[in-house]
Amino acid sequence: MLKWFNITRSLTPLAPRPVRWYSDAVVASTSQTAVDQPPPVGVPDKLYSRVELQMKGIDPEVMKSYALYAKTAAEHLDIEVGKHWTLRKAVKDRLTLLKSVHIYKKHRVQYEVRNYYRFMHFHKLTGSTLDTFLEYIERNLPEGIALKVTKVELQELPEHLRNKRSANTTMVRPGMMRGGGRGGMGMGMRVRGAPFMNKKTFLPRHPFDLTLAEMAFPRVQPAQDDSVLTNALLKRSQDLTPAAAEQTAISNLVSKVQAVLDNIVIAPGDFTKCQLEEVRQVGSFKKGTMMAGSNVADIVIILKSLPTRDCAETLGKKVEEDLEKSMKTEVVPTAEALSLSFSEKGFEISNSLAKVRCLIATLPQNMRKLETEKHLDFKIIQSHLAAIRHTRWFEENAHHSTIKVLIRILKDLARRFDGFKPLNPWICDLLAHSAIMNNPSRQALPVNVAFRRVFQLLASGLFVPGSAGITDPCEVGHFRVHTSMTLVQQDECCMTAQTLVRVLAHGGYKHILGFVENTTVANEMSVWDGVVVSPMEPAYEKPSEKKDGEEDDMECVEGETISEEPIE
């Protein structure tokens with residue numbers, strides 16, 4: 001039993017007047033003086049490089065309002081306002097107690113206190129200005145908020161340290177380092193030109209994006225009517241959407257398989273070959289971005305035990321047996337007769353109308369225990385767990401209908417043009433979301449504007465080695481999704497986009513969307529209203545073998561990437 005309550009006065013050490021704690025960080029050690037006393041007459045005022053305010057309370061809205069008040073007060077005093085941030089989640093303190101001290105020894109109750117933190121930085125203050133500012137915000141400190149102030153004071157270097165520093169400077173010759181340095185460098189060893197000194201730093205750059213730079217490059221002419229392209233995109237999306245019969249068939253099969261798996265999770269009965277933790281729907285069926293002609297749904301089964309190949313086969317047979325039992329009372333057409341097949345990812349339940357792929361995974365803490373000979377492949381299980389994260393992120397951030405329309409079109413382009421084949425479904429999801437939502441207004445762009453923007457971004461080098469690209473929001477660290485592509489594939493993707501963006505500019509959208517089945521426009525010369533569009537040539541050349549001592553180009557060096565299995 002979890003109870004949440006407010007105990008502001010008992011936990012937050014607040015006096016009738018607000019209290020502030022000081023932790024001064026100075027450049028050199030000096031005698032401490034009273035903080036609140038003004039400097040004596042004739043004594044120079046103190047200088048502070050940074051002042052940090054740490055607020056602690058139980059009501060985040062009150063803290064947000066107080067932070068805005070402190071920022072406004074600082075601006076009136078001409079104080080430079082720095083960073084301002086807050087912790088994503090509250091810091092929880094839980095206390096577990098016996099509900100009754102006399103009986104029911106195991107019956108306990110939990111009390112929880114949630115504390116929120118907010119931080120603010122202010123730079124380049126004098127002592128008198130700081131005292132005025134702190135006195136002003138302290139007198140208006142709301143109830144239930146504790147304030148902590150950390151000051152970094154600038155002080156002059158002491159005389160004995162200045163003399164010692166000047167003496168050491170005259171003893172060291174240029175280009176030499178005396179004494180045993182880090183790494184075992186002895187006296188007289190030259191450090192100029194050492195390998196670690198000339199190490200290149202990888203600095204990714206974002207390509208030019210006219211949508212983000214619209215304020216700096218305003219339009220000189222009003223936007224043209226692009227309703228023809230909009231209607232064509234909606235028509236193509238409608239053609240790529242599965243028909244009602246296909247959607248009904250896949251929904252019925254998924255619901256039956258899901259019900260059987262849920263029963264095994266809740267009441268396994270005599271099935272002891274493996275233990276199921278949970279079952280998750282993933283992929284295009286769950287996201288609502290299925291393609292016509294690909295009536296496949298994906299379900300990830302997370303096991304408590306280690307996933308062996310025998311376990312996957314036994315579970316598949318158990319699911320098929322339970323499905324046949326549940327369908328005995330139904331009138332099943334011949335086309336809906338079930339069939340079972342196995343793969344390295346798990347097993348598949350299918351009929352002539354639809355297919356459900358059951359992908360086997362395990363708990364994250366079991367990943368280190370996997371053995372190659374006994375269990376399923378490590379990378380396959382890792383991709384199944386990643387599919388769960390991708391689906392969860394999509395439901396939270398990419399539920400807009402325009403994004404789903406653009407995703408279907410991008411998947412169709414990746415299927416028809418060879419240069420776009422490396423764009424897997426997850427890259428298409430992120431690319432469509434970025435093209436529609438990544439703009440100054442943070443509002444969804446029209447589908448015709450987003451469609452043109454996709455080609456502009458790819459043509460300007462969004463997916464090339466030196467580009468910042470699109471960061472995977474479901475992976476730890478700065479992992480760029482296009483690094484799963486080889487350098488040749490990245491060059492072909494950019495080259496294809498550079499050709500098609502010119503075709504699109506001259507009205508060749510029907511050939512790009514597939515209304516006119518002609519995929520050679522990306523590889524062969526074409527003429528549009530007297531304008532000749534020649535295909536681009538490859539820019540990437542395989543480097544020759546590097547010589548001894550020659551370093552790698554940091555723009556092409558990436559960490560180990562996880563190759564994502566294409567999950568529809």
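This is a predicted model: local features need pLDDT of at least 70, side-chain atom pairs count only at pLDDT 80 or more; totals for chains, interfaces and linings use all residues.
Reader: How much space lies in the largest pocket?
Author: About 1000 Å³. A pocket is an open set of points on a 1 Å grid over the protein atoms alone, where a 1.4 Å probe fits, with protein on both sides within 12 Å along at least five of seven lines. The volume is the space filled by probe spheres set on the points, which are joined across faces, edges and corners.
Reader: And which residues are closest to its centre?
Author: Leu210, Arg219, Ala223, Arg452 and Gln456, out of 26 lining residues; a lining residue has an atom within 4 Å of a point.
Reader: Which helix gives the largest share of that lining?
Author: α12 does, with 5 residues. Helices are DSSP runs of H or I with at least four residues, numbered from the N terminus. Both α12 (447–459) and α13 (487–505) supply at least two lining residues.
Reader: Changing topic, how many salt bridges are there?
Author: The count is 19, where a side-chain nitrogen of Lys or Arg must be within 4 Å of a carboxyl oxygen of Asp or Glu. One of them joins glutamate 395 and lysine 286, at 3.7 Å from N to O.
Reader: Why does that pair tie together separate parts?
Author: Because glutamate 395 lies in helix α9 (residues 378–397) and lysine 286 in helix α7 (residues 283–287), parts that are 109 residues apart in sequence.

Conventions. Residues are numbered from 1 along each chain as its sequence is written. Side-chain values use heavy atoms; hydrogens and water are left out.
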